[in-house]
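Here's a quick look at some salt bridges and strand pairings. Have the structure open while you read.

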Amino acid sequence: MYAELLVLLLIALTYLIGISPRDSNRNSKNPVITHKVFLDVEHGGRRLGRVVFGLYGNVVPRTVENFRALATGKDAKGRRLGYGYKGSIFHRVVKDFLIQGGDITVGDGTGGRSIYGETFPDENFRLLHDSPGILSMVNTGPNTNDSQFFVCTVKSPWLDGKHVVFGKVIDGMDVVTAIENVRVGPGEKPVRNVVIVRSGEI
């Protein structure tokens, strides 16, 4: 009986401080994957393979919806956006750090657009850059998220609190490693284009 009362008391306390059972994964090291999105990648016209990301829609729903919609080319109601990740490139590759893509307007890191307008605010910084394969938003300062994203190839704690983490590679880390090791030129841009030839939701 006392055990049952204790459980009920703990549940009541979680609601009082604003955490529901549905939200309890938000501060977890293993947040729930709500969506799976893929990118099929080529390098210099040669197929590298597919990267699949697990997205954390319970923690950062707006950020996840932005990425999901840009990957599918459709909004939440299935209407075509007319723009998205297909045909865009990974324009920046830094060995032992990250691969960066998603500039769907200019292609060199100076452009990008979100489904909410040119940019949208940082949703939260609850998730950390705590392992290789972390998927996070590029920005140019606070509250400047658009379509650009990066994938960490190493643990990168210095990015915590500055960039919004919203997913992780769950399949195809070998493809990320292949991209990380392509030859780059000035501005850390691959000498031969690394192109997202197809993208979508699984």
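## Strands and salt bridges

In this predicted model, Ile99 sits opposite Val151 of strand S6. S4 and S6 (residues 149-152) run antiparallel and are joined by four bridges. S4 also pairs with S3, again in the antiparallel sense and over four bridges. There, Phe90 stands opposite Gly101 of S4. The S3–S4 hairpin has three residues between the strands, and Asp96 takes a positive phi near 60°.

Which way do the residues of S4 (98-101) point? Leu98 and Gln100 go one way, Ile99 and Gly101 go the other, and all are buried.

Now the charges. The count comes to six salt bridges, including these:

| Pair | Closest N to O distance |
|---|---|
| Asp40 and Arg50 | 2.7 Å |

Asp40 lies in strand S1 and Arg198 in strand S8 (residues 194-201), so their pair ties together parts 158 residues apart in sequence. Asp40 counts as buried at 6% relative accessibility, whereas Arg50 is partly exposed at 31% and Arg198 is partly exposed at 45%. Shared partners join Asp40, Arg50 and Arg198 into one network.

Is Asp75 buried or exposed? Asp75 is buried, because its relative accessible area of 18% is under the 20% cut-off. Leaving out residues up to four places away in sequence, Asp75 touches Glu65, Arg68, Ala69 and Leu81.

Methods
Residues numbered from 1 in each chain as written. Predicted model: local features only at pLDDT ≥ 70, side-chain atom pairs only at ≥ 80, totals over all residues. Heavy atoms only, no water. Buried < 20%, exposed > 50% of the residue type's maximum accessible area, 1.4 Å probe, protein only. Contact = heavy atoms within 4.5 Å. Helix = DSSP H or I, 4+ residues; strand = E, 2+ residues; numbered from the N terminus. Pairing = 2+ DSSP bridges. Salt bridge = Lys/Arg side-chain N within 4 Å of Asp/Glu carboxyl O.
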